[in-house]
Amino acid sequence: MASSNPGNHKIIASLALAALSATLFIVGSGQALAPDGQVACFPAKEITAQETRLEEPLDPAQRALVDYLSRRFLIATQATQQVVGVAYRAARQVGLDPLLVLAVISVESRFNPIAESGMGAKGLMQIIPKYHRAKLLEHGGDEAVLDPESNILVGTRILQEYVYRTGTLEAGLQFYNGANRDESAQYAQKVLAERQRLEQVVRAAFPRQRAAAPAANHPGG
């Protein structure tokens with residue numbers, strides 16, 4: 001895409017911030033593969049650009065997650081705050097559990113915004129651009145896959161569609177990873193175990209309160 005495209009400047013700026021603020025990133029191995037039929041019986045709601053860019057202050061539970069994730073993955077606090085904040089907004093927009101979205105990011109890329117797999121999956125939620133061009137086009141095109149915010153927004157919509165299409169959270173996670181034929185559901189179990197760790201972080205910080213993340217809004221979960 002031509003360098004005069006305004007979307008490119010946003011992406012470059014976002015990548016520069018992530019590169020400067022991150023102390024260490026380790027490439028993940030997961031991937032969001034293309035569906036082999038019609039996607040999602042319940043399409044994600046259309047979100048305007050203004051809605052997706054709205055910044056909200058982090059609540060205490062989110063700040064506890066930022067502290068934990070920043071230490072665990074050796075990422076600067078500012079970069080971690082961006083990821084956590086966008087994950088919560090994206091999850092609310094499509095009716096998923098924000099801790100689930102953060103768990104997928106942990107497993108897929110270990111919070112490396114420029115991670116890339118051998119299969120061509122890219123970014124925090126390891127999206128393969130050629131399979132999801134329509135969604136990426138809403139955020140400026142294929143290059144948006146490396147913009148942390150756009151990657152999370154698109155990846156969360158993909159996950160939501162797969163969960164509703166398959167009918168269960170476990171099956172949706174397996175489909176997201178391209179491992180829907182794995183009867184042992186190893187990928188789904190790994191993500192759900194990570195989600196449980198994140199919930200424990202929130203509960204440890206606020207022992208008298210319920211975890212801030214709502215239960216995932218999906219069938220069969």
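Student: Which helices do the buried residues of helix 8 pack against?
Tutor: This is a predicted model. In it, the buried residues of helix 8 pack against helix 5 (98-109), helix 7 and helix 9 (186-205).

Student: Which residues of helix 8 are buried?
Tutor: They are L169, G172, L173, Q174, F175, Y176 and N177. Helix 8 spans residues 169-177 and is mostly covered, with seven of its nine residues buried.

Student: What comes just after helix 8?
Tutor: G178 follows, and its phi is positive, at about 75 degrees.

Student: Back to the packing. At what angle do the axes of helix 7 and helix 8 cross?
Tutor: They cross at roughly 130 degrees, and the axes come within 7 Å. Helix 7 is therefore oblique to helix 8. The crossing is right-handed.

Student: Which residues make that contact?
Tutor: Helix 7 contributes G155, I158, L159, Y162, V163, R165 and T166, while helix 8 contributes L169, A171, G172, L173, F175 and Y176.

Student: How many of those are nonpolar, polar or charged?
Tutor: The contact of helix 7 with helix 8 has nine nonpolar residues, three polar and one charged.

Student: A new topic: where is T156 found?
Tutor: T156 lies in helix 7, which covers residues 148-166.

Student: Is T156 buried or exposed?
Tutor: T156 counts as buried because its relative accessibility is 0%, and buried means under 20%.

Student: Which residues is T156 in contact with, leaving aside its neighbours within four places in sequence?
Tutor: T156 is then in contact with A90, A91, V94, L96, V101 and M125.

Conventions
Residues are numbered from 1 along each chain as its sequence is written. This is a predicted model: local features need pLDDT of at least 70, side-chain atom pairs count only at pLDDT 80 or more; totals for chains, interfaces and linings use all residues. Side-chain values use heavy atoms; hydrogens and water are left out. Helices (H or I, at least four residues) and strands (E, at least two) are DSSP runs, numbered from the N terminus. Buried means under 20% relative accessible area, exposed over 50%, partly exposed in between (1.4 Å probe, protein chains only). Contact means heavy atoms within 4.5 Å. Axes are lines fitted to C-alpha atoms, for helices over the stretch in contact, and angles run from 0 to 180 degrees between N-to-C directions. Angles under 35 degrees count as roughly parallel, over 145 as roughly antiparallel, 65 to 115 as roughly perpendicular and the rest as oblique. A crossing is left-handed if the near helix is turned anticlockwise from the far one by less than a right angle, and right-handed if clockwise. Ala, Val, Leu, Ile, Met, Phe, Trp, Tyr, Cys and Pro count as nonpolar, Asp, Glu, Lys and Arg as charged, and the others, Gly among them, as polar.
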